[in-house]
Amino acid sequence: MLHLWSFRRLWFYLLIFEHINIRRATSTWPSSNSSSAQLLGLFYDASNSTDYSAVTKHPPAMFKAAILLSQQYNLTVGGQLLQWQAVRTTDDTMRTLRDTCVITSSTNTVGIVGPTLSREAHIVGLFGATVGIPVVSHSATDPDLSNRRIYPAFYRTVPADETAALALMQLFMYFNWTSSVIIYQNDDYGNGGVRAITKTFNNNNLTVANTLQFNIATLSIQGDLHNILANGQTRIVILWAIAQYTSAIIQKAILSNVLGPEFIWILSESIPLSSFNRTLSTELIGMFTMEPVVGNLVNAPINRTLLSEAYKIWQKYEPETFPGASKVDYYALFAFDAAWLLIQSLTQICVNSSSCLSFTNTSFCFDRHFLNSNSLFSAINQNTFLGVSGSIQFAANLTDRIDGNYYILKNSQESSTGLDYVPVLSWSDMKHWSLYSQTSTIIWPGGMLKPPSGYASTSGVTFRIAMIESSPFTMKTEVKDRLGNSTTKLIGYMPDLLEYLRSKMGFIPEIVLVPSNHSYNGLIDEVASGVYDLVVADVTITAARREKVDFSISVFDNSLRIIVRNAVEVSIDLIGYLKPFSRTVWLSLLAAMVYAGVLIFLFERQQNEILRERSTASAMILSVWFSMGTLLGNGVDFHVATAAGRILTVGLYLLSLILIAAYTANLASDLTIQKSTSLISGIDDIRSGKIP
């Protein structure tokens, strides 16, 4: 235990030593008092690129504006004004955890706003649960983070990817699209997004035809982008990546010639279109972005007073980064609401008591715990207010906000100043997609105004088509023109069908007539090997052939019909009841009955009073009657009196049982066969079950 304790202390001192390397946001904002309670902001640094300055600078500015606005409103926590620290993070999640550990171990950090990336949120969210402080992210959307059991300290003000997947599904329904390809970055954000979209699409009979992974370490796409997209059926591409990777992927798409006008791209984040060569504008026209936005853009209420005051503070302390109210990044407003949620919750549990800010007395970050964490989490779950992004409310069993989820679909269109994004559709969790305004017009790739089908177009494409001579489907005929020159023309059902398809779809047919003795299986193999693009012929669809090629729906139903002779009218058979037994059997039964009667007469003549009083002829007849009655089970006029007579009677009873069972079975069989014989009218008798 001593060695473990020493190691943990040594690791902590190394962290303190490295504290000078933490990249805090530098600006002219007022300095923060580290002895007071504070909020920690974790914000992603997008490689210092000017193209992504909004992502890098806007969220921390609104975070700090929220803290200063709380001071301006004199909102205290335990009698003290709340302070802040902001840290810039990179792709190194362990560096983010280290910076968080160093700051929380040396300050009274009671809440964290951020981090930006989903892969950071998984680590920081678990850290928050360990130390008992809430983590409220403004942009981490991975659906796995919605699990309250795994992430009890995590919240987010941005809609989760499951909400985005629902909006995407309804967008596909809006345009009657049925399938797509997804390109995603290989981290928690990308993996979570593709899982959410695939699950939602599958549950609503939509298809994800393919998924392509973008490696954020090597900045490369898995597989040949051109071959995968060009050879696929769908022309809808969903790109799920953060802005800086989206630009790299779009650049590769330009080089692979898989943008407009053939493909429709839907981006999860907008990218600056000015970064691309203006000569490529025709390829970028018609591209879409679907991003989470704030309520006022979809005519939902927001807290305009807080927003106005926050903008004033931002312009006061960092005017060089303020882009104007209409150009502030939406994630910055989510960051403000994340901070304001923590501020309001903290002020509710710490009205005038400084003891509410107590921590366990240790300087090691993983052992340090906020003692009033349960009260703080309860206050967050019960807190409801109108923020600058919309309504903010959470439930105890979910990390996502209950309502206030909004999306806008923007369309890249050409204007007098170049390409720009134009809002065309809006979505909220209260209603489906609708036009952003009455004058909204969507410009599709290629400058078209009509929505495409989402599948590959065949217009102008040449197809090598095989047809086989088979009457009446495909036949040859000689046609003479006005000059008397003879040419061969194909006629029949298949040539007429092919001409109809050509007129509707616009493809160029290159017809090859194969000999009539060519095997159909050979045609299937030649399509599979690429000799022909398709075969238009009377080809029977079989399971074995389906494994090699795809078939269209049946264009000609060919059926077999059963023809049978009319059934002869059956005459009535008056002695049909005798047919279950043969003549020999009936004669044998008659002989057995007489013989048994004679034996009864001999056995019972002297002992049986009824027989003794009769004449010999009468007694003989009565004995035969006894034998017949016993066999038929009808009863008799006297009972046997001797042991031999009783044994014989038992034998007659057994014979009676056997005869009755055999007769009944044979009679039922004969009647069944007669009734099942009927006239077959055609193939429909098989379909209806009239015959097996």
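Domain bounds in this tour come from an automatic or database domain assignment. With those bounds, the protein chain is divided into domain 1 (38-157 + 301-393), domain 2 (161-297 + 406-435), domain 3 (462-547) and domain 4 (578-675).

The model is predicted, so local features need pLDDT of at least 70 and side-chain atom pairs count only at pLDDT 80 or more, while totals for chains, interfaces and linings use all residues. Residues are numbered from 1 along each chain as its sequence is written, and side-chain values use heavy atoms, with hydrogens and water left out.

**Stop 1: the domains**

Colour the chain by domain. The centres of domain 1 and domain 3, taken over C-alpha atoms, are separated by 68 Å.

**Stop 2: the largest pocket**

Select L534, V535, D550, F551 and S552, which lie nearest the centre of the largest pocket among its 41 lining residues. The search uses a 1 Å grid over the protein atoms alone; a pocket is an open set of points with protein on both sides within 12 Å along at least five of seven lines, a cavity is a set where a 1.4 Å probe fits but cannot get out, and lining residues have an atom within 4 Å of a point. Grid points are joined across faces, edges and corners, and a volume is the space filled by probe spheres set on the points.

The largest pocket holds about 1,700 Å³ of space. Its lining draws at least three residues from each of domain 2 and domain 3.

Next, select β19, α13 (493-505), α14 (520-528) and β23 (534-535), each of which supplies at least two residues of this lining. Helices (H or I, at least four residues) and strands (E, at least two) are DSSP runs, numbered from the N terminus. The largest share, 5 residues, comes from α13.

Colour the lining by class: 27 residues are nonpolar, 9 polar and 5 charged. Here Ala, Val, Leu, Ile, Met, Phe, Trp, Tyr, Cys and Pro count as nonpolar, Asp, Glu, Lys and Arg as charged, and the others, Gly among them, as polar.

**Stop 3: the second largest pocket**

Move to A54, S270, K327, D329 and K410, which lie nearest the centre of the second largest pocket, a site lined by 38 residues. About 1,100 Å³ of space lies in this pocket. Domain 1 and domain 2 each give at least three residues to the lining.

The elements to show are α2, β13, α10, α11, β16 (406-415) and β17 (418-428), each with at least two lining residues. By class, the lining divides into 25 nonpolar, 6 polar and 7 charged residues.

**Stop 4: the cavities**

Searching the whole structure gives 4 cavities of 30 Å³ or more. To centre the view on it, select T116, S139, I242, E269 and Y331, the closest to its centre of the 26 residues that line it.

At least two lining residues come from each of α2 (53-72), α5 (161-175), α8 (243-256) and β13 (288-293). The lining has 16 nonpolar, 7 polar and 3 charged residues.

The second largest cavity has a volume of about 40 Å³. Select T104, T109, V131, I133, F359, C365, R368, H369 and F370 to show its lining. Of these residues, 5 are nonpolar, 3 polar and 1 charged.

**Stop 5: α10 against α11**

Show helix α10 (residues 304-317) and helix α11 (residues 330-349), whose axes come within 12 Å and cross at roughly 105°. Axes are lines fitted to C-alpha atoms, for helices over the stretch in contact, and angles run from 0 to 180 degrees between N-to-C directions. Angles of 65 to 115 degrees count as roughly perpendicular, and α10 and α11 are therefore roughly perpendicular to each other.

For the contact (heavy atoms within 4.5 Å), select L306, L307, A310 and Y311 in α10, which meet L333, F336 and W340 in α11. The contact residues divide into 7 nonpolar, no polar and no charged.

**Stop 6: backbone details**

Most residues other than glycine have a negative phi, and most peptide bonds are trans.

- Select G114 and P115: the peptide bond between them is cis, with omega near -5°. P115 lies in the loop between β5 (108-113) and α4 (118-131).
- Select S471 and P472: this peptide bond is also cis, with omega near 5°. P472 lies in the loop between β19 (462-468) and β20 (475-480).
- Select N205, a residue other than glycine with a positive phi, near 60°. N205 lies in the loop between α6 (188-203) and β9 (207-215).

Technical notes
Angles under 35 degrees count as roughly parallel, over 145 as roughly antiparallel, 65 to 115 as roughly perpendicular and the rest as oblique.
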